[in-house]
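Here's a quick tour for anyone opening this one up for the first time. Have a look at the sequence and the model, then read on.

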Amino acid sequence: MKIPEQVKRLGTVLAVIVALVLLLRFVILPESFFSAKPHQVATVVREMDKPIQHAGVAACRKCHEDEYEAKYAGSHRNIGCENCHGPSAAHASDKSAEKPRKPREREFCLTCHAYDGSRPNGFPQVYPQEHRPGKRCVICHDAHDPVPPRTPEECSGCHGRIARTKALSTHALLPCTECHVVDEQHLLEPRSALPTKPDSREMCGRCHASGSTDPAASKAVVDLASHGGIYVCWECHYAHLPEGRK
Amino acid sequence: MSGAIPQGLYEQLSHQLSQVIGFIYPNEVETQWAILIVVYPYITGIVAGAFILASLVKVFNVVEVQPIYRLALLTALAFMLVAGMPLQLHLGHPERAYEIFFTPQTTSAMAMFGFVYLWYLMGILLIEIWFEYRQQLILMAREAKGLMKGVYSALSLFSKDLSPEALAFDKKASKVITIIGIPSAFLLHGYVGFIFGSVKANPWWGSVLMPIVFLMSAIVSGIAMVMFLYILLSMLRNEKLDMRCLDKIGLFLMVAIIVDFALESLDYIHRIYQSEESIGILTQLVSSKLFTSLVVVQVLFGMLLPLLVIALVRIFRLNEELRKLLYFTSSLLILLGIFAMRWNVVIGGQLYSKSLRGLMAYKMEITGIESLVMALALLALPFVFLTVLFWLLPPRWMKTNAPGTA
Amino acid sequence: MNKREFLRQVVSFLPAAGLLRMFPETAEAKELISAPTADYDPTKHWYGMGVDVDKCIGCNRCVEACKAENAVPEEPFYFRTWIERYKIRSDGETTVECISTREAPPEQAEPEDPNVVRTFFVPKLCNQCAHPPCVQVCPVGATFQTSDGVVLVDATRCIGCRYCIQACPYGARYLNPHTRTADKCTFCYHRITKGLLPACVEVCPTEARIFGDFKGQADRLVRFQRVNQISVLKPDLNTEPKVLYAQLDGEVR
């Protein structure tokens with residue numbers, strides 16, 4: 001059968017292209033062009049060799065054992081040195097290199113300790129406008145062992161959001177100790193001595209049961225026997241905001 | 001850390017950050033795929049659509065459309081030559097683009113691009129055009145002098161056979177290539193739809209219908225482009241065009257719009273009915289950020305109005321001049337509408353946060369690489385190429401120089 | 001190559017302030033941050049992280065440390081890790097805010113909103129998914145997962161097509177404006193392979209971030225899995241994230 005001329009022509013072009021491709025692939029270009037694997041291995045090595053900026057507590061401790069011991073006793077024990085002092089790997093390798101920062105400005109401590117309602121309950125916070133405005137924190141608090149100069153009297157220091165919520169409610173004028181028995185120890189070492197929480201309806205009943213003579217609770221008096229079924233009061237009434245909303 | 005970012009980028013991102021409504025993941029402030037990635041599927045869509053129109057002649061024997069056969073092929077080629085450019089310009093490292101050929105990762109739809117593009121350009125379009133023009137190239141080579149003689153001879157691959165058997169073979173080969181070309185065209189544009197449709201992270205994109213919708217709108221845009229060019233060329237040459245052909249193109253365009261609109265409507269109806277978590281933010285997206293480009297430009301002016309006009313043209317037997325004007329306007333509106341569709345998919349998918357809690361903005365730069373000026377240049381370039389192709393491979397040369405042979 | 005030369009190469013970036021004085025303590029400190037990596041076997045590790053949402057105080061130190069450690073651009077458009085604040089009201093309406101893009105913390109705290117029933121901070125970062133969609137879509141194989149479970153980007157081969165950034169459901173990736181390649185959290189690969197902690201974990205003041213090895217013998221992360229109810233972000237997308245969250249609220253996306 002006679003092969004049409006077109007097929008011969010196109011076939012030649014195709015053959016040339018295929019030959020070029022094969023030449024490129026198997027002869028001219030190196031094998032490493034055609035596989036991602038060797039490059040991935042090289043990437044892993046390259047990534048591993050990237051410079052280190054933070055030395056890590058263990059490295060700091062090698063020379064600064066005293067500061068480490070001081071910090072270990074206090075409430076900043078879990079904070080890495082470089083959280084405050086910045087990346088210090090250069091200093092750890094060569095102590096004559098640029099020294100790490102020593103943040104003594106008030107704003108620095110406030111980034112963690114200024115009141116923010118979204119911080120977890122129990123985290124110590126201050127209101128910057130009220131707490132020694134203008135003064136640097138380090139004057140009264142040793143950053144490595146930040147025991148407050150005076151034991152806090154207000155619960156709001158660590159329980160700010162609860163305090164502020166309560167301040168909006170009908171329970172605003174009640175002290176926290178009205179319902180929570182707080183041991184002195186809680187103010188010094190919070191997790192070692194937790195305050196009590198009300199555990200019976202009668203606790204709320206002291207003011208809110210029928211027959212109560214408390215003038216402040218006069219609008220919220222109920223018959224304890226029938227009100228609320230089997231549930232305890234705080235399953236429905238959040239004690240820090242009993243009316244639910246403003 | 002290592003120096004400031006370019007000023008233009010800083011200004012664009014600062015502006016976009018200030019325009020955020022609600023919450024976005026912080027890295028989402030930058031629009032990753034911008035105007036160039038809107039231009040790319042638009043161009044490949046026209047390639048696929050123009051080719052499908054041409055295939056109607058060869059495979060489905062719609063003889064009325066024969067007059068625009070070569071125009072459609074050359075349009076497909078002109079746009080195909082530009083298709084790779086927006087991608088190349090968009091890459092962070094265009095000099096590494098060859099890696100797509102050398103180490104394609106087979107799990108990535110995008111890795112298919114180089115091969116599908118090359119196959120379609122070399123294996124389908126160029127061969128199709130070669131078979132279609134071979135006879136003419138040989139005749140033009142005979143008549144030409146000097147450099148052009150060499151050019152035409154080379155283009156004909158130094159072919160000389162003009163026997164009836166050879167010409168018959170040309171026709172048969174053309175048909176076979178077109179048959180292979182139709183699924184190839186589907187693949188060329190369908191894989192772009194799959195690139196978006198397979199992204200599970202983005203509910204605006206990640207949909208089974210995406211490749212189908214992309215393809216159908218591509219066909220609409222391709223047919224509209226050929227219609228537009230046909231009318232434009234007849235106006236420029238001050239010639240009569242074949243109204244039977246134009247009406248037939250109008251019919252196919254109308255059918256294509258109806259199917260496309262049905263599919264897109266299905267997508268929206270399905271989303272609203274299913275009411276998945278993303279429906280809230282997507283409804284906000286459509287009613288605020290995309291209202292003009294989607295409801296007004298894409299749907300109303302880009303699909304429904306032209307559909308109505310073409311339908312009316314078919315129902316009422318209007319005179320030729322009016323029909324031409326209405327077809328011209330409709331095709332122009334459709335071309336704008338399909339561009340808006342690409343914008344709404346690509347940019348729209350990046351105007352809301354994957355957290356489903358916020359909306360962002362895209363401030364297109366006027367000049368630069370990823371810019372309005374570049375997009376317009378890339379959209380104008382196929383017409384430049386088409387002009388060159390018309391000069392090199394005049395579609396109607398056979399009629400005037402070798403009547404009775406084609 | 002002997003150890004001294006190796007160490008010198010590793011710390012060759014240091015400013016040369018006269019002779020490199022090798023005090024005994026300094027030498028030991030240096031060793032801790034530049035242990036040779038020749039005997040590191042990645043197949044023996046499968047890294048992950050634990051995040052305890054209840055402990056995050058939203059101080060942003062992790063974000064700063066990460067930017068310093070990994071040369072992340074300082075502009076507020078590029079983050080390998082960031083913190084989100086959630087405020088959930090009793091009617092279910094939730095407000096989310098990214099606190100890492102702000103210039104400075106607000107001067108004054110907002111007045112208390114009694115309708116907010118829950119509010120907290122959530123640290124976010126690359127989840128180093130076991131089934132990563134970003135790796136799946138890379139057209140040239142420039143991003144990949146190592147045998148020890150970290151997803152890395154080869155900045156010498158990435159073509160900057162940004163497909164991986166689109167494919168990440170968590171917004172963890174960005175295009176580095178200097179290298180013009182995709183970039184993201186690497187779990188501080190250069191640190192963890194030397195036995196150090198990622199920078200964000202190192203500086204977190206409340207241990208809200210735990211780093212560990214699922215294949216570890218006595219490992220913080222394994223214990224984290226034991227004592228907490230664990231969730232991950234967007235589990236329905238089947239990316240199998242390796243950043244495990246404890247106390248993760250249902251409103252978090």
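What follows is a short briefing, grouped by topic.

This is a predicted model, where local features need pLDDT of at least 70, side-chain atom pairs count only at pLDDT 80 or more, and totals for chains, interfaces and linings use all residues. Residues are numbered from 1 along each chain as its sequence is written, while chains are lettered from A and ligands numbered from 1 in the order in which they are written.

**Chain A**
- Chain A has ten helices and zero strands; helices (H or I, at least four residues) and strands (E, at least two) are DSSP runs, numbered from the N terminus.
- With a radius of gyration of 35 Å, well over the 18 Å that the globule rule gives for 246 residues, chain A is more spread out than a compact globule. That radius is taken over C-alpha atoms, and the rule is 2.2 Å times the number of residues to the power 0.38.
- Along the principal axes, the C-alpha atoms of chain A fill a box of roughly 115 × 65 × 30 Å.
- Buried residues come to 23% of the 246 in chain A (buried means that 20 or more other C-beta atoms, placed from the backbone, lie within 10 Å of the residue's own).

**The nonpolar cores**
- The largest nonpolar core has 202 residues, and Val47(B) and Val226(B) touch the most other members. Such a core is a set of buried Ala, Val, Leu, Ile, Met, Phe, Trp, Tyr and Cys residues joined through C-beta atoms within 7 Å.
- Helix 2 (residues 35–58) of chain B gives the most to this core, namely 18 residues.
- Leaving aside neighbours within four places in sequence, Val47(B) is in contact (C-beta atoms, placed from the backbone, within 7 Å) with Ala76(B), Phe79(B), Met80(B), Ala83(B) and Leu188(B).
- Another core, of eight residues, lies apart from that one and includes Ile52(A), Ala55(A), Ala59(A) and Cys81(A).

**Where chain C meets chain A**
- Here 57 residues of chain C are in contact with 51 residues of chain A.
- On the chain C side, helix 2 of chain C gives the most, with seven residues.

**Domains of chain C**
- Chain C is assigned domain 1 (44–127 + 187–246) and domain 2 (133–183), with bounds that come from an automatic or database domain assignment.
- Taken over C-alpha atoms, the centres of domain 1 and domain 2 of chain C are 21 Å apart.
- Their contact takes 17 residues from domain 1 of chain C and 13 residues from domain 2 of chain C.

Conventions: A residue is buried if 20 or more other C-beta atoms lie within 10 Å of its own, exposed if 12 or fewer, and partly exposed in between; C-beta atoms are placed from the backbone. Two residues are in contact if their C-beta atoms, placed from the backbone, lie within 7 Å.
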